[in-house]
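Here's a quick briefing to read with the model open in your viewer.

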Amino acid sequence: MRERAKSWVLSLLLLAAILFAWHLASLPKAGPTAAMDPEYAKLMGLDKPKSDGMPSLATMGTTIWKHVSNPFYDAGSNDKGIGIQLGYSLGRVALGFFLAALVAVPLGFAIGLSPLVHRALNPFIQVLKPISPLAWMPLALYTIKDSATSSIFVIFICSVWPMLINTAHGVASVRREWLNVARTLEAGTFRTCFEVILPAAAPVILTGARISMGIAWLVIVAAEMLVGNLGVGYFVWNEWNNLSLANVIFAILVIGVVGMILDLLFGALQKAVTYVE
Amino acid sequence: MSLFDNPYDSESRLSCACGRHASKAAHEADAEVLSNQALETAVLKALFPRDGERRKFLRAVGANAAMGAIASLFPLGALQAMAQEKGKLEKKDVKIGFIPITCATPLIMSLPLGFYEKQGLNVSLVKTAGWALIRDKVQNKEYDASHLLAPMPLAMSMGAGSNAVPMNVATIQNSNGQAITLALKHKDKRDPKQWKGFKFAVPFEYSMHNFLLRYYVAEAGLDPDKDIQIRVVPPPEMVANLRADNLDGYLGPDPFNQRAVYDNIGFIHILTKEIWDGHPCCSFGVRTEWVKENPNTFAAMYRAVLNAAAMAAGPENRATIANAIAPANYLNQPVPVLEQVLTGKYADGLGGVKNVPNRIEFDPVPWNALGVWILTQMKRWGYIKGDVNYKSIVEQVYLMTDAKKRMKEEGIAAPADMPKKIIVMGKVFDASKPDAYVASFAIKKA
C-alpha cells in the first residue's frame, strides 16, 4: 500500500514539473509594439492579446473548459462539439474493427487448424501486413468511391492482421492433450472448436484484438485528417487550419484519454477470459 | 436603409440580409436587379475596358440605344431568362464541397446570408481537406457541385491527372486574390533571380497558383522545373510548413498569405494581381451529367451564387461578408485576417500598410479566353501533350460558350472572345493564337 502511495506522489510530482516547464515556456514575450505604426499594429492584431505559438496554462484551461462544458453543440455541418466528433470516430472504429473481427477470427481458426491453409496464405499475409494503413487510402477512395466507407475500410485492413495472426497462433498452440481428450470423448469438430479450442485460445485472441484496437485508434485520427468532415481527426485538421495550438493540444489529450480507456476495456475483457492452469 | 436605422426603435425593421434594405422583399427585388446588373456590367466592361470609351459611346448613342445595341449583339435576355427560370427543383438537398479559403467566398456566404435558402435550396457545405480529395469526391458523385480551381474543370474534362469526367463551370468564383508569400528570413531577397534552390508550395498542380508562379519565375530566367522546387501542399498547411522552415515561400490562396503575416511568419512579396490584373482563380463547377439531370436545381444554384458574387463585388459589403464566413463552420479564421484580404487594406509583413481595393474581385463570368490562357500554360509546362484544340475544349467546359452557341443558332454575330485584353507581366495574350503564344516563351517544357 505504501508503495502505491509513493508511486502516486511521484506521478503528481512529474505532472507538476511538466506543467511548470510548460508555464515557463509559454510566458508572454514583450513585443516591439511600442515602436510600431499603430495602424500596422492593429492590422497585425497586436492591439489585443492573441494566441501566438504555445498557449499558456490559463488559455489551455479555458480551452479545455470551453469544449468539455459544451461537448454536443452543433453549429453546422463543419462545426460540431467534441462529443459528436468523438462519436463519429468511435463509430467508424467500432464498425471497421467489428468487420475485421468477423473476417480475422474464422480465418485465423482455419489457419491455426490446418498447416496447409497456413502455408498457402502465409505469403499473402506477410506481404499485406507491413503496408501502412494510410497507403491504402488513395486506392480505397478510387475503388470504393465513397470517403466514409474508405476510412472504415482503412480501419478494417489495419485491424485484421494482429487479430488474424494471434488467433492462428492461439489456435495452433492449444495443448495437444486437450484435443486428444476431446477426441476420446468423441466430440465433433464443431463442438471441439467451440468448447475446447475457443476458450483455450481466447486470451491470445483477445491480445490480438487489443493490439488491433490500439492500431485502429491510431489510424482513425490520421485517416480523418486526410479525408476530413467529422471525427476527432477532422477536428485536429480544422484547428490546424486555424493554427490554434490550444485546440490541437486539447484534441491530443482527448485522443490519448480515449485510447487509454479503450485499452483498459480490452484489458478487463482479457482478464475475464484468462484461466489459471 | 436599415443599416442606419436605430435598432432600438420598435418601428424599424431589420429583416434584410445585407442590411441595405428596409424589408426582405426590397432586398430580394434588389438582388434580382443586382444579378441582372452583374451580367450587363460584365458585358459592358468587356466591350469597353476603359471607362472613357464607355462614356463616349453612351453619350454618342444614348443609354437606351446602347442597351438595345448590346442586347442585339449579346443574348442578355437569354442569360437573364436562364437566371430567372424557376422550374421545379429536381433536387432540394444539395451537397457542395469547398476548401476553406477566401476564393470560395460567394459559395460560402450564400449559406449564412440566405442566398441558397431564397432559391429553395437546402445546401450543406462540406469542408474538404485538399484539392485531390475534392476532385475525387466530385468524380465519385459525393458532391453535387463544388468549389474548384479554375483549371481543374478543364483538366478533369480532358482527363489530365485523373479520369476524364466532363465538367462545367457555372461561374468564376473570384479573380485576383492570391499572393506570393516568403518566409521573413528572405526579406532581402526580393528579386526572383535570387530564388535559385528555393522550395515553394502551390495548392495543386492544376491551379492558377502553379501556372502563375511558374510564369513569374520563368520571366526572371529561372526554370521552375530545375531551378526551384514546387511542391503540392494543401492551403491550410502552408503556413505551418513555412513556420517549420520546410518551405521558403508559396504562391497560395488567401487568407493564408495574410495569415502568415498576422502570425509573424512571412511577408507578402507581391499580390498575383501584379502579375496579371484580373486573372481568374477559383470556379464553381458541376459535372455535365449532373447539369443535364438537374437543370432547374443548377439554375437555382447559379442564381444564388451569382447574387452572392454581385453582393461581394461591392466593397461596402466586404466587412459583413468577412464576419459571415469567419466562423469555425466555414473558414475558421480570425475576422481581422479576412477583413484585410477582402477590403484590400492590409499589413504586408514588412512594417507597411498597403491599400489595394481590388486585391480580390468577384467577376462571375467565365470568359473563354481565360480558359484558353490556362490551357496554353498546361501545354507550356507539359501537363497536356500533342495538339490541343483549345477553343473547343474551353467551349465545352466554360458555360459562356453555351450562350454563344445559341447565339450562332439564332444567327446573331457573336462578339470576339473577351475584348478586354489579357496582359500577363506586360505581355499581351491573343486567345486566337494560342500555339504561337506557347511557342513564344523561352523557358518551357514542351
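This is a predicted model: local features need pLDDT of at least 70, side-chain atom pairs count only at pLDDT 80 or more; totals for chains, interfaces and linings use all residues.

Domain 2 of chain B puts 35 residues into its contact with domain 3 of chain B, which gives 29 in return; contact here means heavy atoms within 4.5 Å.

**Domain 2 against domain 3 in chain B**
- These two domains of chain B bury about 2800 Å² between them, with 72% of that from carbon and sulfur atoms; buried area is the accessible area (1.4 Å probe) that two parts lose on being put together, summed over both.
- On the domain 2 side, B:Trp381, B:Tyr383 and B:Met425 lose the most area to domain 3 of chain B, together 24% of what that side buries.
- The rule picks up five residue pairs in polar contact across this domain interface, both partners at pLDDT 80 or more. A polar contact is a pair of N or O atoms within 3.5 Å; within protein, one must be able to donate a hydrogen and the other to accept it, and residues adjacent in sequence count only if both atoms are side-chain atoms.
- At least two residues each on the domain 2 side come from helix 7, helix 8 (151-158), strand 10 (280-287), helix 15 (335-343) and helix 16 (368-380) of chain B. Helices (H or I, at least four residues) and strands (E, at least two) are DSSP runs, numbered from the N terminus.
- Helix 16 of chain B makes the largest share of that side, five residues.
- By class, the domain 2 side has 27 nonpolar, five polar and three charged residues. Ala, Val, Leu, Ile, Met, Phe, Trp, Tyr, Cys and Pro count as nonpolar, Asp, Glu, Lys and Arg as charged, and the others, Gly among them, as polar.

**Chain B against chain A**
- The chain contact draws 39 residues from chain B and 30 residues from chain A.
- About 3000 Å² is buried between the two chains, 49% of it on carbon and sulfur atoms.
- Twelve residue pairs are in polar contact across the chain interface, both at pLDDT 80 or more, while the salt bridge count between chain B and chain A is zero.
- The side of chain B that touches chain A is made up of 19 nonpolar, eleven polar and nine charged residues.

**Local details in chain B**
- Over all chains the count comes to 19 salt bridges, each a side-chain nitrogen of Lys or Arg within 4 Å of a carboxyl oxygen of Asp or Glu.
- One of them pairs B:Lys185 with B:Asp245, with the closest N and O atoms 2.8 Å apart.
- B:Lys185 is in the loop between strand 5 (178-183) and strand 6 (199-202) of chain B and B:Asp245 in the loop between helix 10 and strand 8 (249-253) of chain B, so the pair ties together parts 60 residues apart in sequence.
- Most residues other than glycine have a negative phi, and most peptide bonds are trans.
- B:Asp254 and B:Pro255 are joined by a cis peptide bond, omega about 15 degrees, and B:Pro255 lies in the loop between strand 8 and helix 11 of chain B.
- B:Lys141, in the loop between helix 7 and strand 3 (145-149) of chain B, has a positive phi near 70 degrees.

**Confidence and conventions**
- The model scores ipTM 0.76 and pTM 0.77.
- Chain B has a mean pLDDT of 79, and 77% of its residues reach 70 or more; pLDDT is the predictor's confidence in each residue, from 0 to 100.
- Residues 403-416 of chain B have pLDDT below 50, and beyond near neighbours in sequence this stretch has 18 contacts in the model.
- Residues are numbered from 1 along each chain as its sequence is written, and chains are lettered from A and ligands numbered from 1 in the order in which they are written.
- Local features need pLDDT of at least 70, side-chain atom pairs count only at pLDDT 80 or more, totals for chains, interfaces and linings use all residues, and side-chain values use heavy atoms, with hydrogens and water left out.
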